[in-house]
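Some labels used for protein structures rest on simple cut-offs.

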Amino acid sequence: MTTAKLATKLGAPAEAGLEPHVPAIYAKPGLRVVGIVELRHIERTEPAPDSDGTASVKLQVAHLEVADDKQEDAVREALLALYTQRTASGTLNEHGELELSESTLAATAGEVNAVKAAHLAVAARHWSHYADRVLSEPSLTQTELRHELKAIADGLKAAARGEFAES
């Protein structure tokens with residue numbers, strides 16, 4: 001698995017975006033601020049095939065904007081939305097309907113867009129795992145592969161419509 005490393009030197013636009021906030025951050029030890037960040041890939045390490053090394057990518061904060069008091073809630077909502085999509089989980093019930101996990105439902109707080117995004121994230125992971133299982137079967141005929149590919153396509157189309165097709 002590739003690891004990420006963060007370069008300690010900020011890009012010039014990131015330093016400029018952070019500069020006006022430094023005095024307030026310094027004045028309040030433990031203060032947390034939220035912002036929007038752009039990361040830039042600056043270096044990668046690829047170990048030799050026979051080594052025990054781990055591949056890594058070094059990232060630099062290329063651009064950074066810190067939210068003020070009035071913007072903080074909006075940025076935190078965006079952060080929560082991204083987190084919810086990344087961590088969404090659920091399962092298929094006996095009727096082939098998607099059921100989001102309790103933690104995902106709690107994170108969406110009933111917001112329609114958040115629920116839809118969570119459904120799509122879970123569906124994409126489900127059909128990706130299904131495709132991986134199909135690809136790992138070396139003895140499937142062309143007809144069987146076409147059938148499985150149709151099942152994946154139908155499942156993705158159903159997910160886009162807000163449904164969830166059985167696999």
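Helices (H or I, at least four residues) and strands (E, at least two) are DSSP runs, numbered from the N terminus. This is a predicted model, in which local features need pLDDT of at least 70 and side-chain atom pairs count only at pLDDT 80 or more, while totals for chains, interfaces and linings use all residues. Residues are numbered from 1 along each chain as its sequence is written, and side-chain values use heavy atoms, with hydrogens and water left out.

Q: In which element is Ser56 found?
A: Ser56 is found in strand β3. This strand covers residues 56-66.

Q: Why is Ser56 called buried?
A: Buried means under 20% relative accessible area, exposed over 50%, and partly exposed in between (1.4 Å probe, protein chains only). Ser56 has 8% relative accessibility, so Ser56 counts as buried.

Q: Which residues does Ser56 touch, not counting residues up to four places away in sequence?
A: A contact means heavy atoms within 4.5 Å. With those neighbours in sequence left out, Ser56 touches Thr2, Thr3, Lys5, Glu43, Arg44 and Thr45. As for Glu46, its C-alpha is 6.9 Å from that of Ser56, and the two are 10 residues apart in sequence.

Q: What makes strand β3 largely enclosed by the rest of the structure?
A: Eight of the 11 residues of β3 are buried, so the strand is largely enclosed.

Q: How do you know that β1 and β3 pair, and how do they run?
A: Two strands pair if DSSP finds at least two bridges between them. Four bridges join β1 (residues 3-6) to β3, and these strands run parallel. Leu6 has Leu59 as its bridge partner in β3.

Q: How many bridges join β2 to β3?
A: There are 10 bridges between β2 (residues 35-45) and β3, which run antiparallel. The partner of Gly35 in β3 is Val66.

Q: Is Asp50 buried or exposed, and why?
A: Asp50 has 78% relative accessibility, so Asp50 counts as exposed. Asp50 lies in the loop between β2 and β3.

Q: How many helices and strands does the chain have?
A: The chain has six helices and five strands. Their order from the N terminus is β-α-α-β-β-α-β-β-α-α-α.

Q: How does the radius of gyration of the chain compare with that of a compact globule of 167 residues?
A: The radius of gyration is taken over C-alpha atoms, and the globule rule is 2.2 Å times the number of residues to the power 0.38. A compact globule of 167 residues would come out near 15 Å, but the chain has 22 Å. Along the principal axes, the C-alpha atoms fill a box of roughly 65 × 50 × 20 Å.

Q: What percentage of the residues in the chain are buried?
A: Of the 167 residues, 24% are buried.
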